[in-house]
Amino acid sequence: MDSKTNFQADEHQRRSANYKPNIWKDGFLESLNSKYVGDDYTRQSKNLIEDVKNMMFVETEDLIAHVFGGFMDEKGALKESNYWDVKGMLELLEASNLAFEGERILDEAKASSTVALRGSKVWNPDNNLARQVVHALELSSHRRVGWFNVKGHIHAYEKDNHANTISLLELAKLNFNMVQAALQKDLSEVSMWWNNLGLKEHLKFARDRPVECFMFAVGLNFHPGYTSFRILLSKVINLILIIDDVYDIYGSLEELKIFTNAVDRWDVGVTEQLPECMKICFQVLYNTTCEFAHEIEEESGWNLALPHLSKAWADFCKALLVEAEWYSTGYAPSFEEYLSNGCISSSVSVPWVHTFFSTTHRDGIKEIADFLHKNEDLVHNISLIVRLTNDMGTSAAEQERGDAPSAILCYMREMNASEDTAEAKIKGMIDNAWKKINGKCLRTPQQVPFLSPFINNIATNIARMAHSLYQAGDGFGDQEQGSRLIQSVLVEPLPL
C-alpha cells in the first residue's frame, strides 16, 4: 500500500476544532457602499481642516504636562495627596506604559496609580472619566490600536460639550466616515478574492475568517492610501490561519513533514502525495507569494524578494511542525524551549517581511537583510507578546481539544505553580517586552530614515493587534467576540 493510500485510510482520524461558520455573509460584505466618497466630501473636509487650523492657535498652556516628580515624594513613592486626583492618576498610569527598562520611577508610578484608580469612586457608567479609568485598567491606550478607539474618543469629546470645538468634531466625524468608506471598498475586494479562491469549500476544518483577517490589516494601517497593503496583509493573515489549522487540526505527522519540506524547498512537486486539500493550500500559498514577489520586481527592478518571503513561510511551518511533533509524541517541552519555538510559530515574521516590502520606499527594499538583522530583538519582543497574549486568550479552548501545551501550562508544570501564578508571570513578561519595544521605537534613532514610520507605527501595531484579538478570548476562533468592533469600524458611520 503506497503512502497516498495510507493518508486516505487515515481520513477518519482527522481532528476538528469545531469552529463555527462565518457569520459575515458574502452578499453583505460585497454590498457595503458608504456615501462618504467623492469630491463634495473632500472639499468639505478641506474646509473643516482650515477652520481647525485657525482654532489651534489658541493658548495651549493648559495642555502642558507636569515632570513626574510632582506626583512622587522624596522616597520615590506616590504622594498620598494625589490618590484622590483621579484624572491625574489616570494620566500617570497611561504615561507609565511608555516606560523603558530600568525606569524605576515609572514602575512605581504604574503600581501606585493602579492602586489609586482601583480604589477610586468614579464608577458611574455615564461618566466619561469613569469609562476612561475602566479602559486604562483593562489595557493602556499605548497598547491599543488607535483607530479602533476613535469613535469612543469622539463620543467622549462630544459629551464634554466643548462649544468652541464644533469644527474639530465635525472634521473628526467626517474623516472617520471617509476612511470607513475606503475600508469598505478594500473589504469588498478581499471578500471577492477569498470567495474566488474556493479554499473554504476544500478546507472545511479551517477557520473561514476573511473579515477578521482584514481587520488585522486595518489595525496595522488604516490610512486610505494603503489599499494594496491592506489587501496583501489580509491574504497573508488568511493563509496563516489556514496553515495553522492544517498543522493543529488536519494533517498527520507524515503529511505535515511533507508539507513543511515543500514550503522549505518552495516546490509544488513535493506535495504530490498529499491529500487534495493540502495540495490546494500549498498552491494558493505559492501563487500568492510569487505574485507579490513579481509585483515588487516590477515596481523596483529587484528580483530577490521571493527568497526572503518564502523563508519566512518556511520558518513558520517548521515551528508548527515542532509543535505537531510534540503533540504526536506526547513530549512536554520546558518553558524556555516552548517559548523559543513559540515566538516563531506566532507567525510575526511572516507579516513583518510582507509589510516591509509592501510599505518601504523602493530604494530601501534592497536593505532587507540589514533591516532584519538590526531589528531581530524587536521582532523577538513583538513575537513574544503575540505568543503570550495568544496563549492567555486561547489556552482553555486548546487544552479542551488536546492541543500542544501553552506557555501557561508549561510554566505551571515546570515551576509547580498555580494558574494564577503562571498568568502573573506571563503578564510580567508581556510588560517587559513592551518596555524593550518602547526602548527601540521611542528612543533609538533610525539609521535609515525612511524606515522609521514602519518601525514606529505598523510594526508595533502587530503587538497591539495581539492585545485586541486575545484580550477577551480567541478573536479569530470566536467571531462573536469581535463582531461589535467590526460593525463599529467597518459598517456603521458616525451621524453628521
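## Briefing on the predicted model

Leu253 counts as partly exposed because its relative accessibility is 22%, and a residue is called buried only under 20%. This residue belongs to a predicted model, as does everything described below. The protein chain holds 22 helices and zero strands. Of its 496 residues, 50% are buried.

**Leu253 and its surroundings**

- Leu253 is placed in helix α12, which covers residues 253-265.
- The residues that Leu253 touches, leaving aside those up to four places away in sequence, are Leu321, Ala324, Glu325 and Ser328.
- Across the protein chain, 74% of the contacts between residues at least 6 apart in sequence join residues at least 24 apart.

**The nonpolar cores**

- The largest nonpolar core contains 120 residues.
- Within this core, the residues with the most contacts are Ile243, Phe259, Trp313, Trp352, Phe357 and Ile382.
- Helix α11 (residues 227-250) supplies the largest share of this core, namely 14 residues.
- Trp313 touches Val236, Leu239, Ile240, Ile243, Val263, Leu285, Thr289, Val350 and His354, when residues up to four places away in sequence are not counted.
- Another core, of 10 residues, lies apart from the largest one, and Met89, Leu90, Leu93 and Val133 are among its members.

- Helix α10 is largely enclosed by the rest of the structure, because 11 of its 11 residues are buried.
- The buried residues of α10 are Pro210, Val211, Glu212, Cys213, Phe214, Met215, Phe216, Ala217, Val218, Gly219 and Leu220.
- Helix α10 (residues 210-220) packs with helix α22 (residues 479-491) at an angle of about 60°, and the two axes are 11 Å apart.
- The two helices α10 and α22 are therefore oblique to each other, since an angle must lie between 65 and 115 degrees to count as roughly perpendicular and under 35 degrees to count as roughly parallel.
- The crossing in which α10 passes α22 is left-handed.
- On the α10 side, Val211, Glu212, Phe214 and Met215 make the contact, while α22 contributes Gln479, Leu485, Ile486, Val489 and Leu490.
- Sorted by class, this contact of α10 with α22 has seven nonpolar residues, one polar residue and one charged residue.

**Helix α8 and its packing against α22**

- Helices α8 and α22 pack at an angle of about 105°, with 8 Å between their axes.
- The helices α8 and α22 are therefore roughly perpendicular to each other, because angles of 65 to 115 degrees are given that description.
- In this contact, Phe176, Gln180, Leu183, Gln184 and Leu187 of α8 meet Ser488, Val489, Leu490 and Val491 of α22.
- By class, the contact of α8 with α22 has six nonpolar, three polar and no charged residues.
- An α-helix has 3.6 residues a turn, so residues three or four places apart point the same way.

**Helix α15 and the residue after it**

- In helix α15 (residues 335-345), the buried residues are Phe335, Tyr338, Leu339, Asn341, Gly342, Cys343 and Ser345.
- Ser347 follows α15 and has a positive phi, near 80°.

**Selected residues in loops**

- Trp266 lies in the loop between α12 and α13 (276-300).
- Although Trp266 is not a glycine, its phi is positive, at about 55°.
- Trp266 counts as buried because its relative accessibility is 13%.
- Asn416 is located in the loop between α19 (407-415) and α20 (419-441).
- Asn416, a residue other than glycine, likewise has a positive phi, near 50°.
- With a relative accessibility of 73%, Asn416 counts as exposed, because the cut-off for that class is over 50%.
- Gly198 is found in the loop between α8 (166-197) and α9 (199-202).
- Gly198 counts as buried because its relative accessibility is 14%.
- Gly198 and Ile280 are 82 residues apart in sequence, and their C-alpha atoms are 9.6 Å apart in space.

Note on methods:
Residues numbered from 1 in each chain as written. Predicted model: local features only at pLDDT ≥ 70, side-chain atom pairs only at ≥ 80, totals over all residues. Heavy atoms only, no water. Axes fitted to C-alpha atoms, helices over the stretch in contact; angles between N-to-C directions. Helix = DSSP H or I, 4+ residues; strand = E, 2+ residues; numbered from the N terminus. Parallel < 35°, antiparallel > 145°, perpendicular 65-115°, else oblique. Left-handed = near helix turned anticlockwise from the far one by under 90°. Contact = heavy atoms within 4.5 Å. Nonpolar A, V, L, I, M, F, W, Y, C, P; charged D, E, K, R; others polar. Buried < 20%, exposed > 50% of the residue type's maximum accessible area, 1.4 Å probe, protein only. Core = buried A, V, L, I, M, F, W, Y, C linked by side-chain atoms within 4.5 Å.
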